[in-house]
Every structure is written in C-alpha cells, then in structure tokens.
Amino acid sequence: MTEETSSQPFLSQELLDLLRDPEEGHPLAPDDSHTKLTSPTTGKTYPIINGIPRFVDQEHLSSFGLQWNKYEVAHDDEDRATFSAKTGMELSELKGLKILDAGCGGGRYCKVAAEAGGIVFGADHTTAVEKAQKLCAHLDQVHLVQADLKHLPFEPESFDFVFSIGVMHHDKDTRAVFDAVARMVKPGGRYSVWLYRKNQWWQEWINTGLRKITTRMSPEKLEPWCRLGAWLGGIPVINKTLNKVINFSNHPNWENRVCDTFDWFAPAYQYHHTVGELCSWFEQAGFENLKVLPPEKTGGVYRWCYDHNLLIGSGVNVQGTKFSTVQSS
C-alpha cells in the first residue's frame, strides 16, 4: 500500500494522482513527512494519520468504527462469493481495473478485489479504515481514505468499477450519496449498489419502533442485546422464523451475528428502498444496461419470501453501466 520509513508511511503515487480537495476539487500535495495534505490553491490542509488521509471525523457513524475494529468478520471464501453476488462481477473481470469500494468498512471486499488483480481505492467515513489497512497490509494495490461518500476526495470519472454494499442507506440522504458516488464512474464503467429492501408494513413498523429505542442506547448498553440476538440466531427454527419479525442475524459465525445485529440496531440513520426506486436513480444518473441482481441464497421458500419483501435485512441490488457518450434529452 505504501512505502515506509521508520515513523510515517508514505502515500503511494497512485493515490496522490487521484486525490482532490473534497470541497473545491483541487489537487492535493503532501508535505515532506507525509503527515498532511495541502491544497496549493486554497491552503486547506488534511491530516494523514497512520498512512491514511483523513477528511472527516466519524460523527453519527461512530458505531461502525467500533464494530469493524472490534470483531473479526472476514471469511475469504464467503467474502468472495458475496462480492460476486452483490456486485454482479466475476473475480476474473477485475484484473487491472481501477476500483472504488465506497464504504469499505473493515476492508473485506477491498481485499477480495485486490487479490483478484484490481487496483482498489477504499473510502469509509469511520476509523474502520484502520481495520481495512491491517487486513490488506499484504496488498500494495489497496489505497485507503477516511472520507464522506458525499464529498469523496477523488477526481470524478476516475474508476472503471465502483461498488457499495450495505452503506448508503445509513446516511440521512441515501440518494445524495448514490449520486455523489455515481460521479466517480468513468463513461463505460460499471456501478453496483446494494441497499436495504423495504419490507412489509408490519415489519417496518416493529423494527422502526425498536430502533427508536436502540439508537438512543450507548454501544456498551446495546451490545449485550445484540449478543442475545446472536444467541437466538444460532437456535434452529427460531433463527428462520422469529428473525422475520424482529431482525437479528442467523449467520453461521458468532462474531458475524453480533456484528450484523449491531449494524442493524445501532446506526442513527437507516432507510429501506425498493428495486424500482433504485433503478430510477441509476437511470437518472446516466446509467444503462441495468441488471437487477438476485439474492445470494437460493431455495424455493427463500425466494418466495424474498420476492414478497418478507426477509428483514435483505437487499435491493442493481448494477448499471455509465453511458459512454452524452445522451441527448
């Protein structure tokens, strides 16, 4: 990822070439020690901490920084399968592509894409980028920033492939995040987005009511309840029935269950969307050849529940290709 001295990692030239002031769009230059970036045009400065440029604080997303740094949730085979299912991209397609993981969290999918040969840039609003740095330490082609997805510090239209899995719906304006990230895609490039699906009215009512309570709890008070949910998620039958009423994870791994349940109940913002809504965003942002991606899991009963919006925590998932030329209206 970086060249290192005994004290401060140095940013790669590949990252420096793409970095821009997130507000003004001007190129940024590091100081001699690579401890800050400066805009020669405006004089604005941004710190580089532990080799990662920092453009924001965690703010309302601090719970994500906590969970991703605390729990070990990466599983190589599963992460590769999930990546392909939720992006619509085969790993064999990634070699040599310049890729943006918008909302990279702890870096699971940065690692997958880079190991498949992609040149990967990961951006996250939280200190989870530090976990991603450790996870991807063996990969020179992974470059990380802590930044707001609505104000990314990159040159627009720089990426061959951009993806975002389970992130945008945690901002107070999902559409604004979608549009800002869409601007990073090159003409002819591909863009894949996974968002929480809107469920049946009664499921929405129950879980929205619970979240009004849990989002006011400190992480220390919420975590034991998430551990209870993780315990329930390991009990046969209950983990396939009760969790359709009150959401808790039934992932095979205990730490994933705790982390996924915490991910549902802790964030300040959480919005649910429909396939039609997401497709309209792609079209309005200048994308064509839309593909509605199917869920990763199979089975007749599962697909029936999925198609009838009964699976809490399931997603709407679309890939599109950016118009290669400007389309006339």
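1. Ground rules. This is a predicted model, in which local features need pLDDT of at least 70, side-chain atom pairs count only at pLDDT 80 or more, and totals for chains, interfaces and linings use all residues. Residues are numbered from 1 along each chain as its sequence is written, and side-chain values use heavy atoms, with hydrogens and water left out.

2. Confidence. The protein has a mean pLDDT (the predictor's confidence in each residue, from 0 to 100) of 91, and 92% of its residues reach 70 or more. The stretch to treat with care is residues 1-6, where pLDDT stays under 50 and the model has 15 contacts beyond four places in sequence; a contact means heavy atoms within 4.5 Å. Where pLDDT is low, the predicted coordinates should not be read in detail.

3. Cysteines. How many disulfides does a search of the whole structure find? The search finds zero, a disulfide being a pair of cysteine sulfur atoms within 2.5 Å. For C259, the closest cysteine sulfur is that of C226, and at 9.4 Å it is too far for a bond. C259 is buried, with a relative accessible area of 1%, and C279 is also buried, at 15%. Here buried means under 20% relative accessible area, exposed over 50%, and partly exposed in between, with a 1.4 Å probe and protein chains only.

4. The second largest pocket. Its space comes to about 330 Å³, and 16 residues line it, with L210, T214, W225, I246 and F265 the closest to its centre. A pocket is an open set of points on a 1 Å grid over the protein atoms alone where a 1.4 Å probe fits, with protein on both sides within 12 Å along at least five of seven lines; lining residues have an atom within 4 Å of a point. Grid points are joined across faces, edges and corners, and the volume is the space filled by probe spheres set on the points.

5. What lines that pocket. Helices α7 (201-214), α8 (219-232) and α10 (254-265) each supply at least two lining residues, and α8 gives the largest share, six. Helices (H or I, at least four residues) and strands (E, at least two) are DSSP runs numbered from the N terminus. By type, the lining of this pocket divides into twelve nonpolar, four polar and no charged residues. In that count Ala, Val, Leu, Ile, Met, Phe, Trp, Tyr, Cys and Pro are nonpolar, Asp, Glu, Lys and Arg charged, and the others, Gly among them, polar.

6. Asparagines worth a look. N50, in the loop between β5 (45-49) and β6 (52-53), has a positive phi near 55° although it is not glycine; N50 is partly exposed at 45% relative accessibility. N289, in strand β12 (residues 287-292), likewise has a positive phi, near 50°, and is exposed at 54%. N247, in the loop between α9 (238-241) and α10, is buried at 10%. Leaving aside residues up to four places away in sequence, N247 touches N207, T261, W264, F265 and I312.

7. R108 is found in helix α4 (residues 108-115) and is buried at 16%; its C-alpha atom is 9.6 Å from that of K131, 23 residues apart along the chain. L144 sits in strand β9 (residues 142-146) and is buried at 1%.
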